[in-house]
2 protein chains.
Amino acid sequence: MAYAYWKARRVDDQAVFDLFFRKNPFHGEFTIFAGLSECLKFIQNFKYTESDIAYLKNTLPSNVEPEFFEYLSNLTCEDITLYALKEGTVAFPRVPLIRVQGPLIVAQLLETTFLTLVNYASLVATNAARYRIAAGKSNIKLLEFGLRRAQGPDGGLSASKYAYIGKKSQCTFISCPPINQGSEQKHLVHEGGFDGTSNVLAGKLFNIPVKGTHAHAFVTSFTGAEDLADTKIVHKNDPDQMETDFFGKCLDWRTKLASHLKILKEEAHDGELAAFASYAIAFPDGFMALVDTYDVSRSGLLNFASVALALNDLGYRALGIRIDSGDLAYLSRVAREAFHKVSKEFDVPWFASLTVVASNDINEDTILSLNEQGHSIDCFGIGTHLGMCDDSIAPKKNRLKTKLPKFIVTCQRQPALGCVYKLVEINEKPKIKLSQDVEKVTMPGKKIGFRLYSSDGHALIDLLQRPSEPPPEVCTRVLCRHPFQESKRAWVIPSQVEDLYSCWWTDGHLFQDIPTMEETRQNVQVSLRTLRQDHKRSLNPTPYKVVPFRIFQVGVSDDLYHFIHDLWLENQPIGELS
Amino acid sequence: MAYAYWKARRVDDQAVFDLFFRKNPFHGEFTIFAGLSECLKFIQNFKYTESDIAYLKNTLPSNVEPEFFEYLSNLTCEDITLYALKEGTVAFPRVPLIRVQGPLIVAQLLETTFLTLVNYASLVATNAARYRIAAGKSNIKLLEFGLRRAQGPDGGLSASKYAYIGKKSQCTFISCPPINQGSEQKHLVHEGGFDGTSNVLAGKLFNIPVKGTHAHAFVTSFTGAEDLADTKIVHKNDPDQMETDFFGKCLDWRTKLASHLKILKEEAHDGELAAFASYAIAFPDGFMALVDTYDVSRSGLLNFASVALALNDLGYRALGIRIDSGDLAYLSRVAREAFHKVSKEFDVPWFASLTVVASNDINEDTILSLNEQGHSIDCFGIGTHLGMCDDSIAPKKNRLKTKLPKFIVTCQRQPALGCVYKLVEINEKPKIKLSQDVEKVTMPGKKIGFRLYSSDGHALIDLLQRPSEPPPEVCTRVLCRHPFQESKRAWVIPSQVEDLYSCWWTDGHLFQDIPTMEETRQNVQVSLRTLRQDHKRSLNPTPYKVVPFRIFQVGVSDDLYHFIHDLWLENQPIGELS
């Protein structure tokens with residue numbers, strides 16, 4: 001395409017492209033826009049290397065004129081101007097996420113990379129926010145364990161990064177619209193993404209908290225006491241108090257505990273106890289044990305509690321357990337019961353609130369089903385299902401016979417966010433792409449966009465306009481029309497108007513700094529807070545409120561409406577029947 | 001885990017890990033093993049950098065002993081030995097793909113990376129082979145168009161690479177078992193992966209043929225003749241014959257053609273004709289047009305044919321069209337009909353066999369459904385659905401009411417190939433991981449493996465044995481047992497015995513060269529050929545043949561069977577009811 005443009009001497013043609021999606025992923029009602037910072041880094045470094053040129057020369061037909069390669073080798077993004085939503089902003093179908101303006105050829109060459117960078121990042125960031133809402137309870141932690149199932153190392157890194165940007169920030173929200181603090185407070189904690197990752201490189205590169213436990217192999221690698229070299233532990237608060245036979249202490253505790261927990265101590269695996277003791281010796285302040293290698297209730301729990309109480313004698317508090325198989329709801333309750341019993345019996349209050357991590361093939365459905373069954377899980381480790389939209393519901397035989405929340409119905413044919421990159425203007429002439437499917441008709445021309453807020457700070461609608469129109473004004477009613485359905489119109493009186501787009505790149509330079517990951521995380525929070533509650537309720541079983549047209553569907557101004565439709569008619573031939 | 005091992009002074013412990021999967025992806029009966037070469041590159045370069053160590057020091061608890069970091073910084077894979085199937089080999093559940101032997105800590109540290117590298121590569125390679133089988137006709141081309149929907153740039157590159165390794169090689173098969181050439185010949189062409197990619201970087205890095213057409217934006221960017229600068233074309237075979245008004249020629253042809261094809265020439269879009277003409281001027285030998293920007297039958301086909309016939313006058317042959325929306329079966333037939341008509345009417349024989357590429361959200365289901373409907377497509381461009389197993393069937397409303405082949409039923413909860421990496425031996429003691437789910441019990445100990453072939457060259461079963469057992473012998477019956485179901489046994493008399501594992505890395509060096517991508521592609525072909533026909537028929541509606549136990553389920557020797565079960569009982573506590 002680039003060569004054909006060049007050959008047609010369209011090097012100086014000026015184009016405008018919109019990058020947008022047509023459908024929210026996961027059958028949801030919102031998308032978190034992510035990937036902008038990577039797009040900006042890409043245009044900063046955009047360049048054909050000598051070896052790229054050599055490859056292209058070799059690959060393109062031999063009659064391609066050599067001057068074209070010269071042109072390519074001098075290509076940069078210095079004439080590109082890029083407008084976009086702020087990364088981390090809640091976004092909706094048809095509202096452009098990014099607008100690229102500049103030379104037709106260069107703007108076209110950005111397409112695939114931009115789509116690659118935005119699609120997956122936004123999908124993961126959105127999914128992370130959805131997991132957080134599904135998890136419900138404010139104190140439940142979500143860890144990303146997905147590297148081994150990712151599309152190669154880079155897919156795994158991106159998943160870790162974008163799952164994390166949705167995380168609730170510790171900082172105060174400074175720039176956020178006025179919200180009734182009281183009623184929102186309890187909801188706030190539900191929002192945002194993941195709390196950490198097991199991907200150590202992601203931790204290193206993006207400063208994400210690294211979390212994880214040991215694997216089954218760690219447990220099976222121990223046979224018994226003979227595998228323990230050094231079983232000394234120094235008391236946490238008294239360096240002079242040293243336990244030289246920590247494993248013996250664990251064995252003592254096991255004998256004592258077995259009768260209390262009504263478990264035969266002979267059934268508990270000695271290798272497992274040795275493995276737990278070894279881990280505790282290495283990490284006395286971070287003891288978290290995987291308890292399902294042999295049998296959770298007959299071996300793992302008893303061994304864990306024995307080591308945890310031995311640690312307790314030395315002033316350390318264990319963290320908890322991880323369960324990676326079986327009936328997670330049931331086993332977590334069994335574990336919690338045992339923790340309560342031990343806590344009471346041996347007067348160790350903190351034992352009751354030990355952490356239970358669950359990690360076997362967790363997806364939204366599992367979490368909601370666990371919520372319904374009742375569980376005592378404090379943390380989910382999520383891997384396989386984070387980076388994609390899988391269709392796990394319909395044919396599953398054993399699931400609970402309950403009404404399913406809307407957002408976990410099947411989303412077949414949408415394993416990726418389907419962002420597209422469409423030409424909307426060339427040399428100041430608007431361009432439209434028609435389609436037999438109205439949903440696929442593009443909105444031509446350069447557009448400006450505003451998010452209109454209600455008096456309580458909630459977002460009402462995104463309004464797109466022609467650039468020549470004056471922006472909507474606060475407390476002044478403005479007509480918002482459905483872009484394609486003539487009868488769908490509403491007057492909106494905004495209490496606050498936010499300009500959606502800002503310039504990020506122009507004249508060969510960043511127009512403003514690329515936000516840090518921390519700033520993006522804050523923006524996700526701020527943006528999610530402006531979503532109406534009944535809107536977020538579309539993410540749980542409460543029926544969806546009927547409104548003039550679906551809130552947050554994009555609206556267009558009356559001007560833009562006519563502009564689109566005039567152009568449509570102009571480009572659509574009149575059929576002739578005979 | 002590494003620190004806990006180190007702290008327990010288990011630095012010299014020798015471990016054996018098996019990397020395997022438990023279930024074929026896509027509800028199929030085979031998997032193509034891929035990713036080995038990347039694993040080998042990883043161990044060649046395995047090293048903690050100074051900055052890695054600095055990060056770990058900062059991340060691990062402060063009481064971690066400094067000597068551990070010194071240990072890490074000197075860590076290499078020189079004491080690791082790696083056995084594996086040859087990359088590209090057809091593989092089956094439970095048969096280890098890779099066996100890693102060496103120091104416990106190092107072998108453990110390879111886990112996640114190996115899983116990441118093997119899981120996705122094998123999933124894509126398998127899917128590519130399945131698409132090829134679904135496509136059926138030998139002359140149908142498959143192109144990988146997936147970059148924009150991949151998990152970031154790296155996921156896209158891997159998809160391109162592993163989709164391609166399944167491709168039918170042009171080379172002769174040299175080392176392949178004796179097969180009845182006659183009966184296989186017609187099947188051979190159905191096997192293998194993709195023919196090219198639209199990912200130019202993948203083309204550059206892996207020498208994969210780069211294929212693609214132009215985008216809708218290319219068409220919409222043209223308004224008419226005014227966008228064409230230079231419409232000169234020189235005759236292909238006569239440099240002195242120059243057409244100076246190629247666009248005029250196209251217009252003339254359009255007038256002539258319109259009545260023949262019964263299309264109103266006023267309905268055809270002038271911008272589209274200009275775009276096609278421009279593309280043809282740039283690539284007179286590679287003219288392939290995207291015909292659905294405005295209307296395939298009322299605009300795109302007429303414009304394409306006009307340009308193609310204008311090219312024909314100058315000695316060039318157009319390649320064909322791409323359709324990216326609408327009813328692909330119907331539109332492809334409409335196009336083929338038009339091509340036939342033009343071919344006959346204007347005596348241009350090659351016009352009838354122009355290529356029709358289809359590319360809108362293609363998956364296995366689409367292809368099979370198109371086959372049923374009857375279509376005239378020669379090439380599929382496949383993107384979104386290549387890298388994952390999506391659940392596209394069940395709820396789709398408009399699909400044909402026909403029996404679905406077994407292999408495209410839903411594969412919920414399996415969006416990735418679930419390879420695992422399990423410890424099976426430590427310091428020459430076998431290790432077993434139990435589970436309430438028998439399928440999840442591991443096969444302990446180091447194992448050797450053989451593929452047993454029938455007299456007609458087809459693979460019968462993979463047999464795992466203890467290393468101390470003699471290998472099975474040709475023409476001698478050997479007892480193959482199901483690893484966990486006592487009653488499932490069969491005598492097998494192999495006509496050929498293939499040692500499954502070879503050493504790839506030992507003593508800090510590659511033990512043999514990493515196969516080239518070309519060699520791996522050949523191996524995929526050779527290996528797929530040895531799959532029984534009725535086995536491959538499990539990939540189409542013909543019912544699956546009943547055999548003593550499912551062919552290609554792994555078998556174990558009698559010795560290994562007892563070894564597994566003795567160890568199982570030893571590790572499983574006897575319950576007590578009271």
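Strand β1 (residues 14-20) of chain B runs antiparallel to strand β14 (residues 420-426) of chain B, and six bridges join the two. Strands here are DSSP runs of E with at least two residues, helices are runs of H or I with at least four residues, and both are numbered from the N terminus. Two strands pair if DSSP finds at least two bridges between them. This is a predicted model, in which local features need pLDDT of at least 70, side-chain atom pairs count only at pLDDT 80 or more, and totals for chains, interfaces and linings use all residues. Residues are numbered from 1 along each chain as its sequence is written, and side-chain values use heavy atoms, with hydrogens and water left out.

**Strand β1 of chain B**
- In β5(B), I98(B) is the bridge partner of L19(B).
- Six of the seven residues of β1(B) are buried (under 20% relative accessible area; exposed is over 50%, partly exposed in between; 1.4 Å probe, protein chains only).

**Two aspartates in loops of chain A**
- D12(A) lies in the loop between α1 (2-7) and β1 (14-20) of chain A.
- D12(A) counts as exposed because its relative accessibility is 64%.
- D324(A) is placed in the loop between β11 (320-323) and α14 (328-345) of chain A.
- D324(A) has a relative accessible area of 18%, so this residue is buried.
- The C-alpha atoms of D324(A) and T293(A) are 8.7 Å apart, with the two residues 31 apart along the chain.

Key. Chains lettered and ligands numbered in written order.
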